[in-house]
Amino acid sequence: METFTNRNGLKIAYKFSIKNPEDKRIYIVLQFVFFDMDFLIYSFFSQSLEVNTFRFDFPGNGKSDGEFTYAGHISEAGDIDDVVKFLVSRGYIVEGIIGHSKSATVSIIYSALYGEVKIIIAICPKFHKGLIPDYMAQHDAIINSNGEIVRYAFGCTREMAQEILKIDMKYYCQRARGNIYILHGYEDEVVAYSDSLEFVKELGRRCKGHFALNCDHMLTGALDDVVTIISQIIRDS
C-alpha cells in the first residue's frame, strides 16, 4: 500500500491508474463517504476512463489514518489540496476532480477555497442549507431523556450534525472557480435531484453543464452512461 502524509500528519492511502505514462495530465477520483477508493464505482471509473487517474481514501476511510466523520467537509477540501500538491510534486498536471455524493460537495468547496483545478465533475452533490438531510433525521435517530437527538443515522453524532448545519453552499458556489459540471439521477433516494438545480442556479456561469441521469444515488445501471458523459467533458475541455 502506497501512502503520503497530509498536512495533519496522517498517512493517506492512494492508487494510481496510469493509462499513458508519457502524459502527465491526471484526474482525481474521490470516494463516497461510506466506502473506500476500491469500491466498484470508483475502480470502474479508473478502469474505464481513457485518462490517468488517482484515487485515495479520505482520513478515517479505507486504509488511511484518522477517524471517520460524516462531517469534515472543510478539512476534506484541505485533503484534496494536499493531494493536488502531492501530485504536482510528482510532476503531474491535475486537470480535474471527479466527486460523488459527499465528495462531490467537497470538491465544489475545494474549488472555492483553493481553485487550483480547472474541471470539477460533481455527481449527486448535496446542497447543504442549514438542514439535516431527511434520510438522516428520520431513520435510527437516538434521542435522550430530554427529547434531544444525540446521534443521527449512519453514525452521525450531534457534533457532526452541528458542523453540517453551518455549511452554506450558496457561499461556496458564489466563490467557486473553474468549470463545474453537475450529474444527478432523477431517482436519487439519498440526495434529491432538486439539489442539482440549486447548484445550477447558484453556480451561474460557473456551471458548464447539467446532466440528468436515469438512476439512483449509487448510479445503478448508469455507470456506462456516466463514463460516457465524463469522457465527453474531458475531450471537450
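How many aromatic pairs does a search of the whole structure find?

1. The search of the whole structure finds 17 aromatic pairs. Here rings of Phe, Tyr and Trp (its six-membered ring) pair if their centres lie within 6.5 Å; planes under 30 degrees apart count as stacked, over 60 as edge-to-face and the rest as tilted. Please keep in mind that this is a predicted model, where local features need pLDDT of at least 70, side-chain atom pairs count only at pLDDT 80 or more, and totals for chains, interfaces and linings use all residues. Residues are numbered from 1 along each chain as its sequence is written, and side-chain values use heavy atoms, with hydrogens and water left out.

2. One of the pairs is F4 with F86, stacked at 4.6 Å centre to centre with 10 degrees between the planes. This pair links distant parts of the chain, 82 residues apart: F4 sits in strand 1 (residues 2-5) and F86 in helix 2 (residues 73-89). Helices (H or I, at least four residues) and strands (E, at least two) are DSSP runs, numbered from the N terminus. F4 is buried at 8% relative accessibility, and F86 is buried at 13%. Buried means under 20% relative accessible area, exposed over 50%, and partly exposed in between (1.4 Å probe, protein chains only).

3. Ring pairs also join F4, Y14, F16, F54, F56, F58, F86 and Y92 into a cluster.

4. Which residues touch the most other members of the largest nonpolar core? They are I28, F56, I80 and L87, in a core of 38 residues. Such a core is a set of buried Ala, Val, Leu, Ile, Met, Phe, Trp, Tyr and Cys residues joined through side-chain atoms within 4.5 Å. Another core, of 32 residues, lies apart from it and includes V29, A71, C215 and I234.

5. Leaving aside residues up to four places away in sequence, I80 touches L30, F56, F58, I97, V106, S107 and Y110 (contact means heavy atoms within 4.5 Å).

6. The second largest pocket is lined by K19, N20, D23, R25, Y27, E50, V51, N52, E95, K118, I234 and S237. Its lining divides into 3 nonpolar, 3 polar and 6 charged residues. Ala, Val, Leu, Ile, Met, Phe, Trp, Tyr, Cys and Pro count as nonpolar, Asp, Glu, Lys and Arg as charged, and the others, Gly among them, as polar. On a 1 Å grid over the protein atoms alone, a pocket is an open set of points with protein on both sides within 12 Å along at least five of seven lines, a cavity is a set where a 1.4 Å probe fits but cannot get out, and lining residues have an atom within 4 Å of a point.
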